[in-house]
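Colleague: I have a model open and would like to go through its side chains. Can you take me through them in plain terms?

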Amino acid sequence: MPLVQHSRLPTFERLRDGGHEVLTLERATHQDIRELHIGFLNMMPDAALAATERQFIRLVGSCNRIAQFYVYPFSLPGLDRSHGTLEYIEKYYCDFEDLKQQGLDALIITGANVVGPELSEQPFWGPLAEVIE
């Protein structure tokens with residue numbers, strides 16, 4: 001799937017520099033191809049946040065070419081983050097409230113530290129359950 005650079009997320013430039021096809025938003029809007037809008041809830045620890053983001057986007061971008069892939073990385077408020085990581089998220093990640101309004105075709109969750117058998121008891125479940133209801 002061609003990746004579409006619809007934000008200033010540094011991963012897009014890094015992938016382009018590494019030889020991956022990354023469409024500009026302008027070029028993408030002039031193609032007659034299906035769009036897939038995928039939310040990427042990145043709850044990885046600070047040290048792995050950007051690397052996980054790159055790995056996920058690279059993997060999806062290496063798939064088939066049937067659709068344009070728009071990825072919307074986001075995090076949830078209340079996760080324990082360093083000041084630097086919070087600044088990075090504020091600058092490059094999408095706002096969860098905006099994504100809830102826009103809607104998505106799919107959601108990928110990574111880095112969830114699930115403790116116990118009940119997903120509904122996890123601290124991240126409450127905000128996500130609001131979207132499902």
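**Rings, charges and one threonine**

Modeller: Ring pairs link F40, F56 and F69 into a cluster. Rings of Phe, Tyr and Trp (its six-membered ring) pair if their centres lie within 6.5 Å; planes under 30 degrees apart count as stacked, over 60 as edge-to-face and the rest as tilted. This is a predicted model, so local features need pLDDT of at least 70 and side-chain atom pairs count only at pLDDT 80 or more, while totals for chains, interfaces and linings use all residues. Residues are numbered from 1 along each chain as its sequence is written, and side-chain values use heavy atoms, with hydrogens and water left out.

Colleague: How many aromatic pairs are there by this rule?

Modeller: The count comes to five. One of them is F40 with F56, which is stacked, at 4.3 Å centre to centre and 5 degrees between the planes.

Colleague: Which parts does that pair tie together?

Modeller: F40 lies in strand β3 (residues 34–42) and F56 in helix α3 (residues 49–61), so the pair joins parts 16 residues apart in sequence. Helices (H or I, at least four residues) and strands (E, at least two) are DSSP runs, numbered from the N terminus.

Colleague: Is F40 buried or exposed?

Modeller: F40 is buried, with a relative accessible area of 1%. F56 also counts as buried, at 13%. Buried means under 20% relative accessible area, exposed over 50%, partly exposed in between (1.4 Å probe, protein chains only).

Colleague: New topic. How many salt bridges does a search of the whole structure find?

Modeller: Four. A salt bridge is a side-chain nitrogen of Lys or Arg within 4 Å of a carboxyl oxygen of Asp or Glu.

Colleague: Where do E13 and R16 lie?

Modeller: Both are in helix α1, three residues apart, about one turn of the helix. E13 is partly exposed at 35% relative accessibility, and R16 is partly exposed at 26%.

Colleague: And what about R81 and D46?

Modeller: Their side chains form a salt bridge too, at 3.0 Å, N to O. That pair links distant parts of the chain, 35 residues apart: R81 is in the loop between β4 (67–74) and α4 (83–92), and D46 in the loop between β3 and α3. R81 counts as buried at 12% relative accessibility, whereas D46 is partly exposed at 27%.

Colleague: Last one. What does T11 touch?

Modeller: T11 touches E53, R54 and I57, not counting residues up to four places away in sequence. Contact means heavy atoms within 4.5 Å. T11 sits in helix α1 (residues 10–17) and is buried, with a relative accessible area of 2%.
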